[in-house]
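The entries below follow the order in which I looked.

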Amino acid sequence: MESKNKQNKAIFIDKDGTLLVNVPYNVNPDLLSFQQNAVEGLRRLQTYGYLLFIVTNQSGVAFGFFKEEALWELHKAIQGLLEEAGVRLDGFYYCPHHPDGIIRQYSMPCTCRKPAPGMLLRAAGDFNIDLSSSWMIGDILNDVEAGDGAGCKTILIDNGNETEWHLGRHRIPDLVAENIKDAADLIFTMNEIIKNDIHVDNH
């Protein structure tokens, strides 16, 4: 049995536009489709020993487009599709808030809406995660900022959804990838470099 003191490492993945093809405010399981190479990338990351978490802003709840319960059903659907593909999803964290929303209980500033790091920090507490050994993968700079704020390394999926990062006005991701599979390859390479550097230092 592993030591209780041993911390886990994790991959935090944005949902819409990163893992899934973005359908705005969608909670219909029939409209779910994965981005190209996303599932293969998750499968690889899992073989590297990472826990996998979705972290997603869902302001549609605050704006009254759908109820929070609909997200639970969507989570089940995503989890089922991933399990069929041989991938285990370890957690699903969402922020239902927006300060300009119309549903009072969700219309507030919060610490969980990305770019705030609250969802990542909550998962770290729930699953004993070493954030410095973990990665945030997303398609916009709010994802990068959330990962950075939590103490993770970050990868921006450069698929056209983020248009300003080249201008240098925001926090810069540690790495840039074309898709989640590409991100998994980069993470593996980075881990091998770190491992080899440690081996060199030990001699």
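**Helix α3 and its cover**

I began with what lies over the buried residues of α3, and the cover includes β1, β2 (51-57), β3 (91-95), β4 (135-138) and α4 (141-150). I note here that this is a predicted model, and I read every entry with that in mind. The buried residues of α3, which spans residues 118-127, are G118, M119, L120, A123 and A124. An α-helix has 3.6 residues a turn, so residues three or four places apart point the same way.

**Strand β3**

I then turned to β3, where five of the five residues are buried. G91, Y93 and C95 point one way from the strand, while F92 and Y94 point the other way. In a regular strand the side chains alternate between the two faces of the sheet. Looking for the pairing of this strand, I found that β2 and β3 run in the parallel sense and are joined over five bridges, with C95 of β3 as the bridge partner of N57.

Is K15 buried or exposed? K15 sits in the loop between β1 (10-13) and α1 (38-47), and I count K15 as buried because its relative accessibility is 1%, under the cut-off of 20%. Leaving out residues up to four places away in sequence, K15 touches L20, I54, V55, T56, Q58, L74, I78 and F92. The side chains of K15 and D16 are joined by a polar contact of 2.7 Å.

N26 belongs to the loop between β1 and α1 as well, and I count N26 as buried because its relative accessibility is 11%. A polar atom of the N26 side chain lies 2.9 Å from the backbone nitrogen of N28. Beyond its neighbours within four places in sequence, N26 is in contact with L31, L32 and L74.

**Nonpolar cores**

Last, I asked which members of the largest nonpolar core touch the most other members. That core has 34 residues, and the ones I was looking for are I11, L42, L45 and I155. For L45, setting aside neighbours within four places in sequence, I listed contacts with I11, Y50, L52, I137, I180, A184 and I187. A second, separate core of 18 residues includes M119, A123, I129 and L131; M119 and A123 had already come up among the buried residues of α3.

Definitions and conventions. Residues numbered from 1 in each chain as written. Predicted model: local features only at pLDDT ≥ 70, side-chain atom pairs only at ≥ 80, totals over all residues. Heavy atoms only, no water. Core = buried A, V, L, I, M, F, W, Y, C linked by side-chain atoms within 4.5 Å. Buried < 20%, exposed > 50% of the residue type's maximum accessible area, 1.4 Å probe, protein only. Contact = heavy atoms within 4.5 Å. Helix = DSSP H or I, 4+ residues; strand = E, 2+ residues; numbered from the N terminus. Polar contact = N/O pair within 3.5 Å; in protein donor to acceptor, adjacent residues only side chain to side chain. Pairing = 2+ DSSP bridges.
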